[in-house]
Amino acid sequence: MALSKVNFNSMNVTPAASKAIKFNSSNNGLETGDIDGSLVLLSTQTASSSSTITFDSGIDSTYKEYIFMFRDIHPSGDGAHFSFNFSVDGGSNYNVTKTSTMFYARHDEADSATALNYNTSGDIAQGTGIQTFARSLGNDNDASAGGFLHLFEPSSTTFVKHYKGTVNYLEANDYTYNTFLAGYGNTTSAIDAVQFKCDSGNIDAGTIALYGIN
């Protein structure tokens, strides 16, 4: 099978008005398979002292993959956990059974403590509760979190629903945390809604954008 070559210096981006990022490869440079795809903006929601940010439409069989990109997530309470959950009934219930794994790297502002740890308090073993993504967020005026959640083929009625993501945030005790999460929703029903929330208090500010991948 022939391989095409990709020149990463010649990738093109379509105008912002199209709400899509388009990558096109030319036939020189690094050898790899063909690359051709679009990241299509479907919706954007901005929190304002919101108890939840919910996406209960637009997640369907149109795309095989979806990405939630969030920025400047700021909790109302110091030490709140930023979390999410899935629904298979249009948002009536957010209680999909999940199994997941989580680890993090951290470093404090005083340059006195570092760590690379598996997070046993963030993983889930066949649980239906919320999936913690960022633990103990700080709520100082300049504190926030940013990252993404990648959900694979949520409309499948054959396979479980895999997800992965990463987030970086200013923790309540002035650490930077880079958390890595992966798991699966253990259901063969189609996931058609996703909800984000803090385990206590509100999402004081922040924006989450939903993209589909062609």
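Modeller: A residue counts as buried under 20% relative accessible area, as exposed over 50%, and as partly exposed in between. The model discussed here is predicted.

Biologist: Why is S49 called partly exposed?

Modeller: S49 has a relative accessible area of 45%. The limits are 20% and 50%, so S49, at 45%, is partly exposed. S49 belongs to strand β4, residues 36-50.

Biologist: What is the phi of S49?

Modeller: The phi of S49 is positive, about 50°, although S49 is not a glycine. Most residues other than glycine have a negative phi. D174 also has a positive phi, about 65°, and is not a glycine either.

Biologist: Where does D174 lie, and why does D174 count as partly exposed?

Modeller: D174 sits in the loop between β13 (161-170) and β14 (175-185). Its relative accessible area is 29%. That value falls between 20% and 50%, so D174 is partly exposed.

Biologist: Why does L116 count as exposed?

Modeller: The relative accessibility of L116 is 64%. The cut-off for exposed is over 50%, and therefore L116 qualifies. L116 is in strand β9, residues 114-118. With F103, Y118 and F180, L116 makes a nonpolar surface patch of about 410 Å².

Biologist: What makes the contact of E153 and K64 a salt bridge?

Modeller: The side chains of E153 and K64 meet at 3.2 Å, N to O. The limit is 4 Å between a side-chain nitrogen of Lys or Arg and a carboxyl oxygen of Asp or Glu, so the pair meets the definition. The pair links distant parts of the chain, 89 residues apart: E153 is in the loop between β12 (145-152) and β13, and K64 is in the loop between β5 (52-55) and β6. The structure holds 1 salt bridge.

Biologist: Are E153 and K64 exposed or partly exposed?

Modeller: E153 has a relative accessible area of 35%, so E153 is partly exposed. K64 reaches 53%, so K64 counts as exposed.

Biologist: What makes β6 and β16 a pair?

Modeller: Strand β6 (residues 65-75) and β16 share 9 bridges in the antiparallel sense. A pair needs at least two bridges, so the two strands qualify. One of the bridges joins Y66 to G212 in β16.

Biologist: Which residues touch the most other members of the largest nonpolar core?

Modeller: F68, F82, F196 and I208 do, in a core of 36 residues. Leaving out residues up to four places away in sequence, F68 touches F55, I59, G147, F148, L149, V194, F196, I208, A209 and L210. A second, separate core of 5 residues includes L39, A209, Y211 and I213.

Biologist: How many helices and strands does the protein have?

Modeller: The secondary structure comes to 0 helices and 16 strands. Of the 214 residues, 40% are buried. Among contacts between residues at least 6 apart in sequence, 70% join residues at least 24 apart. The accessible surface comes to about 10600 Å², and 48% of this surface belongs to carbon and sulfur atoms.

Note on methods. Residues are numbered from 1 along each chain as its sequence is written. This is a predicted model: local features need pLDDT of at least 70, side-chain atom pairs count only at pLDDT 80 or more; totals for chains, interfaces and linings use all residues. Side-chain values use heavy atoms; hydrogens and water are left out. Helices (H or I, at least four residues) and strands (E, at least two) are DSSP runs, numbered from the N terminus. A nonpolar core is a set of buried Ala, Val, Leu, Ile, Met, Phe, Trp, Tyr and Cys residues joined through side-chain atoms within 4.5 Å. Buried means under 20% relative accessible area, exposed over 50%, partly exposed in between (1.4 Å probe, protein chains only). Contact means heavy atoms within 4.5 Å. Accessible areas come from the Shrake-Rupley method with a 1.4 Å probe; for residues, only the protein chains shown count as cover. Patches are made of residues with over 30% relative accessible area and no salt bridge: like charges are joined within 9 Å, nonpolar side chains (Val, Leu, Ile, Met, Phe, Trp, Tyr) within 5 Å.
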